[in-house]
Amino acid sequence: MKITSADVLITGPGRNFVSLRVETGDGVVGWGDATLNGRELAVASYLRDHVCPTLIGRGAGPIEDTWQYLYRGAYWRGGPVTMAAIAAVDVALWDIKAKCAGMPLYELLGGQSRRGLLAYGHASGSDVPQLFDSIDEHLDAGYRAIRIQTGIPELGQIYGVADSGSEQRYDYEPARAASRPSEELWDTRAYLRHVPTVFEAVRAKYGPELPLLHDGHHRMTPIQAAQLGKRLEPYDLFWLEDCTPAENQDALRLVRRHTTTPLAIGEVFNTVWDYRTLISEQLIDYVRSAVTHTGGISGMRKLLDFAALYQIKSGMHGPTDVSPIGMAAALHLGLAIHNFGIQEYMRHSTETLTVFQTSYRFEDGLLHPGDRPGIGVDVDVGAAAAFPYRAAYLPVSRLALDGTIHDW
Ligand code: EZ4
Ligand code: CO
């Protein structure tokens with residue numbers, strides 16, 4: 001069964017997505033997600049100009065072989081653009097294989113290891129009362145685990161906190177339509193003073209059971225991260241995420257030496273190689289990579305199997321910039337593996353779900369990929385055409401209160 005077409009779809013139903021459509025000679029269609037927030041067109045070009053032409057005439061069956069061909073064949077290994085492009089091909093081929101088998105993808109990955117996937121949602125507020133409202137909304141929606149982020153009294157709007165008072169906000173989507181990234185105020189000392197008081201208030205109101213998570217968005221130095229982890233120990237976090245910039249893996253040794261707060265890292269990583277030190281030295285507890293940014297199901301499975309040797313679990317990335325195709329792929333993999341930890345989940349907007357029609361479901365706090373053959377996402381290409389791409393960028397939090405540049 002040979003690949004006869006491979007086409008890139010760029011659409012912006014509420015936010016930008018890049019998808020790959022692969023079709024075989026007998027008319028089986030597979031979809032993959034290639035969305036890289038703020039760098040969408042770079043991946044689209046990588047696919048269109050360099051990858052799609054090489055797929056035509058290749059067999060759709062040998063997925064691992066195609067993965068290796070694209071990974072090695074580029075000569076330039078790894079990196080977010082390359083690995084997002086490879087992920088799109090990989091997921092589209094798994095979609096095709098599962099459709100041909102007449103099975104949901106998780107069956108081909110070994111079958112289900114659990115009834116559903118524990119999901120966490122994103123509660124945020126500019127202050128603690130608003131955060132409580134957001135936590136209540138999430139509990140009412142059935143979430144059994146919640147990430148909490150708040151504003152900081154000294155600062156205005158900050159990264160990771162939804163715009164307050166806007167009913168229209170795309171549930172925690174930090175990228176904003178603009179020709180360049182905006183620059184926001186940041187002050188790590190104010191943050192470090194404030195966060196423990198938020199956790200104290202949340203534990204006092206909601207009790208000890210509710211799993212709570214927090215994302216530091218790479219903003220601390222190693223010693224600051226160690227301080228925060230230590231100060232948060234009384235509040236029993238499920239995880240503290242991205243406490244330091246991930247590229248300095250040695251930093252995590254220092255953090256680990258000082259705190260038992262569980263650590264999650266990796267949303268900016270792309271391959272199992274990026275995790276070599278972190279996993280083999282047991283410096284983290286959860287792997288945050290997205291199927292979309294890590295070479296697809298094939299790349300992510302290599303990584304999670306390696307993590308399993310060290311009792312490190314999955315915490316696959318699932319913000320709204322992972323498209324419904326990428327989310328579906330993560331759910332099939334998460335259902336099948338044995339070292340599943342938790343799945344990040346935010347509902348996509350109604351516009352997004354009009355273009356990407358999904359079979360996955362969220363019930364009673366658990367996600368399930370559904371039982372349609374393949375990954376279970378249909379794309380309405382006609383509907384997609386009504387939503388053109390508009391440049392949008394993530395903000396940079398780097399201005400200090402005194403007007404200088406805060407370097408983190
Ligand atoms: O900021 O997906 O844990 N989740 C996150 C995300 C990222 C965005 C970047 O594209 O940190 O919200
Ligand atoms: Co994060």
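A polar contact here is a pair of N or O atoms within 3.5 Å. This is a predicted model, in which local features need pLDDT of at least 70 and side-chain atom pairs count only at pLDDT 80 or more, while totals for chains, interfaces and linings use all residues. Residues are numbered from 1 along each chain as its sequence is written, ligands are numbered from 1 in the order in which they are written, and side-chain values use heavy atoms, without hydrogens and water.

Start with ligand 1 and H317: a polar side-chain atom of H317 is 3.3 Å from a nitrogen atom of the ligand. Then pick E267, where a side-chain N or O atom lies 2.9 Å from an oxygen atom of ligand 1.

Now show the whole shell around ligand 1, which holds 4 nonpolar, 3 polar and 7 charged residues (Asp, Glu, Lys and Arg count as charged).

Keep E267 selected and move to the cobalt ion, ligand 2. Which residues coordinate the cobalt ion? They are D215 (OD), E241 (OE) and E267 (OE), at 2.0 to 2.1 Å; donors are N, O and S atoms within 2.8 Å of the metal (3.2 Å for Na, K and Ca). Along the sequence, these donor residues follow the spacing D-x25-E-x25-E.

Key: A polar contact is a pair of N or O atoms within 3.5 Å; within protein, one must be able to donate a hydrogen and the other to accept it, and residues adjacent in sequence count only if both atoms are side-chain atoms.
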